[in-house]
Amino acid sequence: DVVPADMRLIEADDVKVAEMALTGEPDDVNKTAKMKTKKPGEPEKLTPENMVFSGCSVTNGKGKGIVCQTGMHTRIGRIAQ
């Protein structure tokens with residue numbers, strides 16, 4: 001399935017997402033509903049572990065999320081502009 005909008009996960013059961021269109025990463029990325037705090041000196045991740053993004057394919061698992069952005073306001077929409 002393709003993610004229809006940028007969403008913050010509130011439930012995630014073994015969710016993996018192909019973010020190649022967004023990051024160029026060839027491997028599927030594990031996603032979780034848990035918030036992780038950034039440790040001092042640790043670089044910020046390009047795509048947070050609790051977010052899924054419009055246009056990316058879910059390759060495994062199931063989850064529920066709250067829509068944060070739609071259309072041209074999504075990450076992929078901003079790239080298209």
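Buried means under 20% relative accessible area. The model discussed here is predicted.

Q: Is lysine 31 buried or exposed?
A: The place of lysine 31 is in strand S2. A residue counts as buried under 20% relative accessible area. Lysine 31 has 6% relative accessibility, so this residue is buried.

Q: Which residue meets lysine 31 in a salt bridge?
A: The structure holds 1 salt bridge. One partner is the side chain of lysine 31, and the N to O distance is 2.8 Å. The other partner is the side chain of glutamate 19.

Q: How many residues apart in sequence are the parts that glutamate 19 and lysine 31 tie together?
A: The side chains of these two residues, glutamate 19 and lysine 31, form a salt bridge. Glutamate 19 lies in the loop between strand S1 (6-18) and helix H1 (20-23), and lysine 31 in strand S2, so the pair ties together parts whose separation in sequence is 12 residues.

Q: What is the relative accessible area of glutamate 19?
A: Buried means under 20% relative accessible area. Glutamate 19 is buried, and its value is 1%.

Q: Which residue has its backbone oxygen reached by the side chain of lysine 31?
A: Leaving aside neighbours within four places in sequence, lysine 31 is in contact with several residues, including Thr47, Pro48 and Glu49. The side chain of lysine 31 reaches one backbone oxygen at 2.9 Å, and that oxygen belongs to proline 48.

Q: Where is threonine 32, and which backbone nitrogen lies 3.2 Å from a polar atom of its side chain?
A: Threonine 32 is in the loop between strand S2 (29-31) and strand S3 (51-52). Lysine 34 is also found in the loop between S2 and S3.

Q: Is lysine 34 buried or exposed?
A: The cut-off for exposed is over 50% relative accessible area. Lysine 34 has 62% relative accessibility, so this residue is exposed.

Q: How far apart in space are lysine 34 and asparagine 50, C-alpha to C-alpha?
A: Asn50 is among the contacts of threonine 32 when neighbours within four places in sequence are left aside. Lysine 34 and asparagine 50 are 16 residues apart in sequence, and their C-alpha to C-alpha distance is 6.3 Å.

Q: What is the radius of gyration of the protein?
A: The protein has 2 helices and 4 strands. For 81 residues the globule rule gives 12 Å, and the protein is close to that, so it is as compact as a globular protein of that length. The radius of gyration is 12 Å.

How values were computed. Residues are numbered from 1 along each chain as its sequence is written. This is a predicted model: local features need pLDDT of at least 70, side-chain atom pairs count only at pLDDT 80 or more; totals for chains, interfaces and linings use all residues. Side-chain values use heavy atoms; hydrogens and water are left out. Contact means heavy atoms within 4.5 Å. Buried means under 20% relative accessible area, exposed over 50%, partly exposed in between (1.4 Å probe, protein chains only). A salt bridge is a side-chain nitrogen of Lys or Arg within 4 Å of a carboxyl oxygen of Asp or Glu. A polar contact is a pair of N or O atoms within 3.5 Å; within protein, one must be able to donate a hydrogen and the other to accept it, and residues adjacent in sequence count only if both atoms are side-chain atoms. The radius of gyration is taken over C-alpha atoms; the globule rule is 2.2 Å times the number of residues to the power 0.38.
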